[in-house]
Amino acid sequence: MTNLPGADLHLPEGCMAGTAMHELSLLENVREILENHAVSQKFSKVTKVTLEIGKLSGVEPDALRFGFDVVMKDSLAENAELIISDIAGLGICRQCGLEVELETSHDPCSHCGSPKVKIIQGADMKIKDLIVI
């Protein structure tokens with residue numbers, strides 16, 4: 001297993017996917033990251049890819065699953081298993097200072113009702129780890 005430092009795919013805060021085209025583009029970025037790391041870390045095949053997807057990222061896990069095999073065809077990750085881990089949305093209220101769970105990026109603080117909540121987790125998609133040969 002390997003972790004890929006710098007392999008985070010950060011999306012702008014509040015970015016909503018809307019269509020599967022967005023996910024295909026993200027998968028193409030994943031393939032490019034894998035190919036670049038294959039050269040630098042000297043591996044030739046990826047057998048498993050684990051992605052962490054934040055609840056607030058706007059990325060649709062089902063669309064990623066659907067497009068993964070198509071995008072990875074004829075690459076070092078062809079026939080690789082895709083594992084998706086969901087990451088909860090969390091924020092810190094700028095008014096009361098408490099940590100709150102978020103369902104959307106626009107949720108108010110569940111303690112004081114303030115709309116001023118800073119997202120601290122769940123807005124990203126990351127390549128968590130790989131199994132490579």
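## A walk through the chain

Let's start with one spot: I92 stands opposite E99, a residue of strand β5. Keep in mind as you look around that this is a predicted model.

Strand β4 covers residues 89-93, and four bridges tie it to β5. The two strands run antiparallel.

What is the strand order in the open sheet of three strands? Reading across, you get β5, then β4, then β6, with antiparallel pairing. Strands β5 (99-102) and β6 (117-121) are the edges, so to speak, as each of them pairs on one side only. If you ignore direction, neighbouring strands in this sheet are turned against each other by 40° on average.

Next, step back to the whole chain. How many helices and strands does it have? You'll find two helices along with seven strands. Follow them from the N terminus and the pattern goes β-α-β-α-β-β-β-β-β.

Finally, have a look at which parts of the chain touch. Take the contacts with a separation of 6 or more: 73% of them are between residues 24 or more positions apart.

Key:
Residues are numbered from 1 along each chain as its sequence is written. This is a predicted model: local features need pLDDT of at least 70, side-chain atom pairs count only at pLDDT 80 or more; totals for chains, interfaces and linings use all residues. Side-chain values use heavy atoms; hydrogens and water are left out. Two strands pair if DSSP finds at least two bridges between them. Axes are lines fitted to C-alpha atoms, for helices over the stretch in contact, and angles run from 0 to 180 degrees between N-to-C directions. Contact means heavy atoms within 4.5 Å.
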